[in-house]
Amino acid sequence: MNIKDVSFERERPDVCGDAHPKALLKAIQEDGDYLLKLANQHIVSADQFSQQGMLQLFRLAAKYEANPRRFSTSLQGKILISAFYEPSTRTRLSFESAWHRLGGDIMSITDRSTTGIAKGECLSDIAEMFNNYGDCVVLRDNNETSLEEMIDSLRIPIINAGNGADEHPTQALSDMYAIFKWRPDLVTEEAEKAPIKVGIIGVPNKMRTVRSFIKCLTKFPKAIDEVVIIHDEASTEQLFGSEQKEQVEQAGIKIRSTRDLDEVLPELDVVYINAISWEGNSVNTYGSEFHLSAKSPLKESAIILHPLARGEELSTDLDHTPHNWYFSQARGAVFLRMALLTCMVQRAERVIDVV
């Protein structure tokens, strides 16, 4: 390797597009009561968030992102138990980065074979121990029932960071935060004048990110005109789970499905693409024939979201185009989780009304 220049630009934007949160911050009026309520909740499903509760989280996330140096001690003296029994890069590191950035300490578990589980210890007993060791638990497990087994024994809050093929609520909140930074008008009364069409390349019944994302979309019927599910033929019979499609329709949002990606792309304002689903102890890939690249017939103003990690379905030749909002999506997840964690450990009062 011959390296002639090893310098780098600290000020170079790490995302494409106008991803600054100040416009979103101005668009949402602060109401701290919604944030205070989160102190007495576990975070299990995207269903538990109201529209106003989500907006207040987005406002606090925008406050953190707009002025990150202003807030560095909100979680001082608090301990996070980061329990990731399933592989993760972005989710684990963003939660841990969020906690560290606010001054807290962390105990991290990344291998269940190093815990009492390997000796046959039940999860309810582990939860009892967690009560004594930390102030909040973030759990990722490929077993959908792990949360249920722990919750009854917990006296500290737990966050579902992905449980099998069920849900991933904080990923969906991060997805929505990215959309509203892109279009702050969607959180105002102006949303009805230009609602967006969202295309989802994925299988709602199999993918936890998609499942939670759709639940969040239903909370904003004035901002979302239509949801289009793009899927392969093999997924047709297992596309929707119980009441998934009905939930969207009951919210007043149109929903349809198609197998023709290129035909629908020119209509879409937001393209959400995912290919991987955790099922049991391994991953399955869906829709392998679907690919996005700089040659795809995207609407000029459209943005692309992807929960990452990506494979061949999302070409790197889109990285330096205005369509790339997936890196902003990943960046914003840190600040969204900073906001959520602050509320859950009863520290919201430290940041409410602080400019």
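Biologist: How many disulfides does a search of the whole structure find?

Modeller: This is a predicted model, in which local features need pLDDT of at least 70 and side-chain atom pairs count only at pLDDT 80 or more, while totals for chains, interfaces and linings use all residues. Residues are numbered from 1 along each chain as its sequence is written, and side-chain values use heavy atoms, with hydrogens and water left out. A disulfide is taken as a pair of cysteine sulfur atoms within 2.5 Å. For the whole structure, the number of disulfides found is zero.

Biologist: Which cysteine has the sulfur nearest to that of Cys 136, and how far away is it?

Modeller: Cys 136 is buried, with a relative accessible area of 0%, where buried means under 20%, exposed over 50% and partly exposed in between, for a 1.4 Å probe and protein chains only. Cys 136 is in no disulfide, and the nearest cysteine sulfur belongs to Cys 343, at a distance of 11 Å.

Biologist: Is Lys 26 buried or exposed?

Modeller: Lys 26 lies in helix α1, residues 22-27, where helices (H or I, at least four residues) and strands (E, at least two) are DSSP runs numbered from the N terminus. With a relative accessibility of 74%, Lys 26 counts as exposed.

Biologist: Which residue in β4 is the bridge partner of Val 137?

Modeller: The two strands joined by bridges here, β3 and β4, run parallel. The partner of Val 137 in β4 is Ile 158.

Biologist: At roughly what angle do the axes of helix α3 and helix α7 cross?

Modeller: Axes are lines fitted to C-alpha atoms, for helices over the stretch in contact (heavy atoms within 4.5 Å), and angles run from 0 to 180 degrees between N-to-C directions. The axes of α3 (residues 51-66) and α7 (residues 169-182) come within 10 Å. Residues making the contact include Met 54 and Phe 58 of α3 and Leu 173 and Phe 180 of α7. The axes cross at roughly 70°.

Notes: Pairing = 2+ DSSP bridges.
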